[in-house]
Amino acid sequence: MTEYAIETENLVKRFANLTAVNDVSLKIKKGEIFGLLGPNGAGKSTTINMLLGLLSPTSGRVLVNGIDVHKEPARAKESVGVVTQETVVEPELTAEQNLMIFGRLYHIPKDELQGRINFALDLSDLKEFRNSYAGTFSGGMKRRLETAKALMHSPPVILLDEPTTGLDIQNRTKIWNLLREINSKQNVTILLTTQYLEEADQLCNRIGIIDHGKMIALGTPAELRQKIGMSTVIEVSADKEELVKVGQIFKKVGLEPTVLSNKVSAPGGESAVLKVEKLVSALTASKVKIHNIAMHEPTIDDVFLKLTGSEVRDSTGEMTGAGPAALLRGR
Ligand SMILES: Nc1ncnc2c1ncn2[C@@H]1O[C@H](COP(=O)(O)OP(=O)(O)O)[C@@H](O)[C@H]1O
Ligand SMILES: [Mg+2]
């Protein structure tokens, strides 16, 4: 038995002349909650689809529970539950009927089926909606029903592609709790993709940051923060026209600024407080108008910024102008 639930070795996927996934090697241990974090177009879904055997890699290998997905697709699939990026619940069936059909597809024995349905409805907090049509559900409820579906055949591994994109914070929290519960109580290994920095930070034991198909960082949230060697981040937000001037003032007081779309950011270093004092005096003297000045512990978006030199992009490649602990923009 392997200690890894998921392994990829030098995984590559090319579409014509675009390399969507570029040499990704990953080892996810059984029992982990692993987050693949990256902006739109980073290669997250392509990676997940190769893990599921839905796409063949251009090169490289994928193992799920030690089984080669492309050599033995049926066996590999048995051990995996999936929540894809698109909604796939049947709108004309009730929550319970959706789960029933899925259970039959997976050949769950008849005498176990009702018990499993109850369990899945309970976990996903949909018990009171068991007889409601899935078509009437909110986005968050549909997502929860899909997660329940993925758990019906009690797979040891589940893959979720952006399970919370576009959901409000209540629904996001419900899905997080559901995932934490199956992870801790049933030792289900979870691989999820996300555009949300905060989600990766709070939910995942380990994070892989993917950008342009390349894994640019891998580690626990704490390791990632350490890796960039930042103890404190200093930020000044201001109107767009003022940002270049603000950046120059940062330099004057010995800070190394990155000018973003709505703010200037710099690692504070050892004497961050002293530098902030100098910065405030210099800003006041210059009469540059600012909105806010702040110091905070580095977040995963500071890590992203430091590693890529850019804010998280949206689908058009434009900067999102996202603030600290903000989200990568949804589709
Ligand atoms: N079937 C396909 N044919 C051509 N290009 C594709 C295909 N699927 C994805 N891509 C491209 O590969 C890149 C990665 O896409 P994807 O894996 O969907 O990113 P993510 O899920 O991180 O948003 C994008 O540039 C996307 O346009
Ligand atoms: Mg995707």
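Predicted model: local features only at pLDDT ≥ 70, side-chain atom pairs only at ≥ 80, totals over all residues.

Residues are numbered from 1 along each chain as its sequence is written, and chains are lettered from A and ligands numbered from 1 in the order in which they are written.

The chain is divided into domain 1 (4–224) and domain 2 (231–297), with bounds from an automatic or database domain assignment. Their centres, taken over C-alpha atoms, are 40 Å apart.

Around ligand 1 we find residues including Phe-15, Asn-40 and Lys-44; a residue counts as near if its C-beta atom, placed from the backbone, lies within 6 Å. Helix α1 gives the most to this shell, 3 residues. Helices (H or I, at least four residues) and strands (E, at least two) are DSSP runs, numbered from the N terminus.

Now to the helix pair. Helix α3 (residues 95–105) and helix α5 (residues 139–151) pack at about 30°, their axes 9 Å apart; axes are lines fitted to C-alpha atoms over the stretch in contact, and angles run from 0 to 180 degrees between N-to-C directions. The two helices are therefore roughly parallel, a term for angles under 35 degrees. In the contact, Ala-95, Asn-98, Leu-99 and Phe-102 of α3 meet Leu-145, Ala-148 and Lys-149 of α5, where C-beta atoms placed from the backbone lie within 7 Å.

Conventions. Parallel < 35°, antiparallel > 145°, perpendicular 65-115°, else oblique. Contact = placed C-beta atoms within 7 Å.
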